[in-house]
Amino acid sequence: MVNDRHFIEGDTFDDIYKDVLFNLIVHPQYICSPRGSKVKENIGVTLKLNNPRARLITAPRRAANYGFGVGEFLWYWQGKQDLETMVYYNKRMKDFSDDGKTLTSAYGYRLKEEKTTVEDAVDGELHVTTLSQWDVAKRTLTADPDSRRCVLHINRPLDQHIATSPSGTKDVPCTLSLQFFIRNNKLELHTHMRSNDVIWGLAYDLFSFTLFQECMLLELKKDEKFKDLELGAYYHTAGSLHIYETHFKQAEDICGDYINRKARPIAMAPLDLDGLAVVCTAEEDIRLKRDTSLELMDYAQADDTTIWMLDQLIEHRKKRDAEEKKVA
């Protein structure tokens, strides 16, 4: 595979991540200070993950918090926008809320809960249809599997207007759009980001968006015409791919992890929508401590990915309990 600082391809996220870090630390295109924070930056970078299920980072000194990753994805998937849920997973999230109640970068809310009503005249009769962007995307691909129009918009002109207004905002969505393609009987996804930090953001963005890709695949496969559809590659383009000065040393250490040991090629098992529904229900029980005796053995019949997600949620609950006990 030919990799440079503007195009990086790999079979696992580990393969990609080590090259992303190396390019930014050793070969940055620019060093600048947006809003006063020094960064090393490469512009117009595209990542191609050939196996979207190989979405995990294994480098010890990155130590990705997949309790947060799973919680954030479930928050997206259920179309939520409340702040309270996300503060449970990451206390820093409160710093990005404008009203103390919601978060602007609620991607799932924008994709699944916000709906548009359209009136169409069909055979002389008025038909009113109310659909989310997610619903429209499925309709688009069902009507024309070769379509180039299956685009879901997240960052919108209003976001930029609010950002430049006198009151401003603490949170401008970093993600511009998701675009699905069906090519050679495989569902591919291309995510466009205006800005992506490789230490804090990239790991969790890629994690959630590849899961969205897999969920779209499963929903399409319910249609007989897509029963043999397979999971294709995941593409991720960032207008600004960058690393903050405070993370320069950590990035060098993570590169060292990859150099001094072979990355473990980890790919998650195929997702199951019924299993995902189980996780969504269990997540609320775990987060709100409705079932303090919850253990993985209760889900012995669940698929491997469901069990892994539940494991991450339970570990995060234990972490929060330990913190509460320490304060008390």
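By a pocket I mean an open set of grid points, where a 1.4 Å probe fits, with protein on both sides within 12 Å along at least five of seven lines. Keep in mind that this is a predicted model.

The largest pocket has a volume of about 1400 Å³. It is lined by 48 residues, and those closest to its centre are Arg92, Phe96, Cys174, Trp200 and Gly201. Several elements give two or more residues to that lining, including strand E3 (39-49), helix H2 (66-77), helix H7 and helix H10 (304-327). Strand E8 supplies the largest share, 5 residues. By class, the lining of this pocket has 19 nonpolar, 14 polar and 15 charged residues.

Next, the second largest pocket, with a volume of about 260 Å³. Here 14 residues form the lining, and Thr116, Val118, Leu131, Ser132 and Val136 are the closest to the centre. Strand E4 (115-122), strand E5 (125-132) and helix H5 each give two or more residues to it. The lining divides into 3 nonpolar, 5 polar and 6 charged residues.

Now the helix pair. How do H5 and H7 cross? The axes of H5 (residues 133-143) and H7 (residues 202-220) come within 11 Å and cross at roughly 55°. That angle lies between the 35 and 65 degree limits, so the two helices are oblique to each other. The crossing is right-handed.

On the H5 side, Trp134, Ala137, Lys138, Leu141 and Thr142 take part, and they meet Phe212, Cys215, Met216, Glu219 and Leu220 of H7. The classes in this contact are 7 nonpolar, 1 polar and 2 charged residues.

Methods
Residues numbered from 1 in each chain as written. Predicted model: local features only at pLDDT ≥ 70, side-chain atom pairs only at ≥ 80, totals over all residues. Heavy atoms only, no water. Axes fitted to C-alpha atoms, helices over the stretch in contact; angles between N-to-C directions. Helix = DSSP H or I, 4+ residues; strand = E, 2+ residues; numbered from the N terminus. Parallel < 35°, antiparallel > 145°, perpendicular 65-115°, else oblique. Left-handed = near helix turned anticlockwise from the far one by under 90°. Contact = heavy atoms within 4.5 Å. Nonpolar A, V, L, I, M, F, W, Y, C, P; charged D, E, K, R; others polar. 1 Å grid on protein atoms, 1.4 Å probe; cavity = no way out; pocket = protein on both sides within 12 Å on 5 of 7 lines; lining within 4 Å. Points joined across faces, edges and corners; volume = space filled by probe spheres on them.
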